[in-house]
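Please keep the model open while you read this note.

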Amino acid sequence: ENQTIIIQSGKILKVSPTKDLLLSKENTIVDGTGKFIIPGLWDAHIHFAFLTELAPSMFDLFLVNGVTSVRDTGGEIGFVKKWKDKSLADPLNTPRVMIAGPLLDGMPNVYDGSGPAVPPLSVGLASVEDVINKINELESLDVDFLKSYEMLSPDQFKKLNQLAKEKGFKVTGHVPLSMDVISASNAGLNSMEHMRNLELSCASNSDELLQQRKTLLEAGKKDKGSALRSRIHQMQRKTAVENYDETQAQKVLAVLAKNQTWQIPTLTLNTSSATRYYTSPEWQESFSLLPDSTEQKWKKYIDEIALTEIDPFRKEYSKWMFEMTGKVHAAGIDIMAGTDCPISFLTPGRSLHQELLVLVDAGLTPLEAIKTATINPAKYFNMEDELGRIKSGMWADLLILNSNPLDDINNTRKIHGVIKQGNYMDRSKLDEMMTKLSAN
């Protein structure tokens, strides 16, 4: 209450008690009486390249939802770099974009472009030498971090992390199926997306499962990467959850905490097969902002899914994911909010608010959830002196809310205005952007 934020040249100049200030009428003055301000939000796991027809709409979809920064976790480098370059050229009207370039996968690679469910998001690397060459290439193209994937061999994975550390890149990704979580964390993995394959290392028979995976990977070398990965997950995930061992899990979490291997749970996505959040009319309201072709395609797929029974194991796996997210948080492991939009009918921008909600359901307080989408991503990219807080010297990426999100995390959706590097988009401007999106 009774605070004024002064913005100059896109940054916060000072935050001061209102009574201590005398503002010239030459300033642009926004009356925020009775409103609430939080830093601009991040979605720390998105894909511009997953649905290329949607990509041109994604900037505005993010901004109208208060998402002022995004972390693209995998796509063809020429395509994703185009969006980063566009953001750099117009920082006042676009979200900040951090890119990894393609998923760095082994052979056979999973996202090989062989079908709509597996667009060409990855590169298949056959050797350690291939890993070295690809990282050098990506470094020359100004990527912001690297993304490892599930078919890498242990030698490839270790070299990737070693090179990344030498070059100053964070490495995120999926734990390779040829490794366990402890080995991957010890090799230098900075963060894990979706907590992928964590369950395989938290089982009482984790060593046995690892040996089985190595055998399956060797036998499946000539199979399609997506088919091989699915076969391994189908064979092992249920067994791992059924054999979950709390002592083993705490051992794994202790290593992740010690090594500061962050987690991006993408909890909305991970539980979607059981919750089917996307079937609700309230969720589908957000589809009106999508291109017509995308909206119709999504509604058709959802109608088909709604006719099928929910696999009982999906409910069990979702419950495991919720509980494990709470345990990760309790273990002191930092979390970032990411959604994997637009996969699984996750409307860009809107999906981030859903992720904050499910993180609170999993045990975080509203303030802790907000941190996962503000200060934590800034810290991840060593930008905590520039972003993620409301204080002097920070970029003025701000979200003005009508209600207090600490009382109810749903209040992050009650947006009065968005500020991107000092550019104030009031409610009428945001509504105008939404009308334009709806007309596509």
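1. E323 is partly exposed, with 38% relative accessible area; buried means under 20%, exposed over 50%, and partly exposed in between, using a 1.4 Å probe and protein chains only.

2. A word on the source. This is a predicted model, where local features need pLDDT of at least 70, side-chain atom pairs count only at pLDDT 80 or more, and totals for chains, interfaces and linings use all residues. Residues are numbered from 1 along each chain as its sequence is written, and side-chain values use heavy atoms, leaving out hydrogens and water.

3. Now the wider count. The structure holds 23 salt bridges. Some share partners: E150, R196 and R229 are joined into one network this way.

4. Next, D144 and K84. Their side chains meet in a salt bridge at 3.1 Å, N to O. D144 lies in the loop between α3 (128-140) and β9 (146-148), and K84 lies in helix α2 (residues 77-89), so the pair ties together parts 60 residues apart in sequence. Helices (H or I, at least four residues) and strands (E, at least two) are DSSP runs, numbered from the N terminus. K84 counts as buried, at 10% relative accessibility.

5. Then E282 and R413. The closest N and O atoms of this salt bridge are 3.2 Å apart. E282 belongs to helix α12 (residues 281-284), while R413 is in the loop between β13 (398-401) and β14 (415-420), so the bridge links parts that are 131 residues apart in sequence. E282 is partly exposed at 34%. R413 is also partly exposed, at 39%.

6. Last, H47. Is H47 buried or exposed? H47 is buried, with a relative accessible area of 4%. Look for H47 in the loop between β4 (41-46) and α1 (55-64). Its side chain makes a polar contact with the side chain of D340 at 3.0 Å. Such a contact is a pair of N or O atoms within 3.5 Å; within protein, one must be able to donate a hydrogen and the other to accept it, and residues adjacent in sequence count only if both atoms are side-chain atoms. Not counting residues up to four places away in sequence, H47 touches several others, including M58, D72, L121, K147 and C341; contact means heavy atoms within 4.5 Å.

Key
Salt bridge = Lys/Arg side-chain N within 4 Å of Asp/Glu carboxyl O.
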